[in-house]
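The model under discussion is predicted.

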Amino acid sequence: MALRVSQIDALRLDDEIESVLEEELKSLCKAVGIPTENWLLELKALASLVVFSSIFLPQRQTYGQTLLNLKYSSNWVRATQLYALGRVLIPLVWARLKLRIGGESNRTNWNTSDTAHHPRTPAQRFARFVEKYFKVLTCLNFLFFLRSGRYVHVLQRVFDITMISTRQSPRVVNLDFLNRELLWHGFSEFIAFLLPVINRIQLQRIVGRLLPTAANADTSVCGLCGEEPWTAHAAPCGHVFCYYCAASNCLATDGFDCPRCGKAVALAQLARVPPPPPPPPPTLGD
């Protein structure tokens, strides 16, 4: 008997391959100008048929099982073929039946509990009852599968089909990759939790105190952003800052240290620098 994880992986691989084939079929129909709005269910069934068509071959393997060295095993030769037909036809027939029962105007009735505004017909109630209990049956089947390791799908239990390994040595699950993934996810979650807590401006202030600062008397640029100061304000030390740069630093921490000279600056100590006078208008002699 195959490992549980291998059986689940095989089903997931088949589902992924089916999804890729379905998208490719839609792209092909769009390229040749065939409308697909009314045939989406059939395209999905066709993609599923391609995936499960390999079961009719002697090896009785789907593409996902081939990648994981698995195959179906049953005492009845036709059981695997009926299982493949069931996987293809049952979803198609059920989806078409729901559309026929519900109609175009009652599609929302399936997933709503507001029966006062969306009354259901007896056929709709019966179909919803079947669908609900089939989901319960699927859940119970999966729980039994986790316990016994057989019949990962409901139809496998119906036709008494199991998955077996095609190689002598069983699949060895390497946990090194899983451990690295768990470690990386834990580290990334810790960083995502830590970053909002860190006060970047306070951290810059602490680092600025530790590093030596060189006095710079340039007042033509902001001492924080290095650009021409907007709404320039001067600190008691004489250096000029943009008002928004200085205010954001003061609001983030209780004041800040001037990056030019290292002196402490408070928001109340900032004094507005008057703008330079406009140049005199040109005279006629010029």
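## Helix H2

The 13 residues of H2 should span 18 Å at 1.5 Å a residue, and the end C-alpha atoms of H2 are 19 Å apart, which agrees.

Leu43, Ala45, Ala47, Ser48, Val51 and Phe52 are the buried residues of H2. These buried residues pack against H1, helix H3 (63-67) and helix H4 (79-102).

## Helix H1

H1 contains 29 residues, and the distance from its first C-alpha to its last is 43 Å, close to the 42 Å expected at 1.5 Å a residue. The residue Gly33, which follows H1, has a positive phi, near 85°.

Among the residues of H1, Ser6, Gln7, Ala10, Leu11, Asp14, Glu18, Glu22 and Cys29 are buried.

## Crossing of H1 and H2

Helix H1 (residues 4-32) and helix H2 (residues 40-52) have axes that come within 8 Å and cross at roughly 130°. H1 is therefore oblique to H2. The crossing of the two helices is right-handed.

## Contact residues

On the H1 side, the contact is formed by Asp14, Ile17, Glu18, Leu21, Glu22, Leu25, Lys26 and Cys29; on the H2 side, Leu40, Leu43, Lys44, Leu46, Ala47, Ser48, Val50 and Val51 take part. Classified by type, the contact of H1 with H2 comprises 10 nonpolar, one polar and five charged residues.

An α-helix has 3.6 residues a turn, so residues three or four places apart point the same way.

Key: Residues are numbered from 1 along each chain as its sequence is written. This is a predicted model: local features need pLDDT of at least 70, side-chain atom pairs count only at pLDDT 80 or more; totals for chains, interfaces and linings use all residues. Side-chain values use heavy atoms; hydrogens and water are left out. Axes are lines fitted to C-alpha atoms, for helices over the stretch in contact, and angles run from 0 to 180 degrees between N-to-C directions. Helices (H or I, at least four residues) and strands (E, at least two) are DSSP runs, numbered from the N terminus. Angles under 35 degrees count as roughly parallel, over 145 as roughly antiparallel, 65 to 115 as roughly perpendicular and the rest as oblique. A crossing is left-handed if the near helix is turned anticlockwise from the far one by less than a right angle, and right-handed if clockwise. Contact means heavy atoms within 4.5 Å. Ala, Val, Leu, Ile, Met, Phe, Trp, Tyr, Cys and Pro count as nonpolar, Asp, Glu, Lys and Arg as charged, and the others, Gly among them, as polar. The expected span of a helix is 1.5 Å times one less than its number of residues. Buried means under 20% relative accessible area, exposed over 50%, partly exposed in between (1.4 Å probe, protein chains only).
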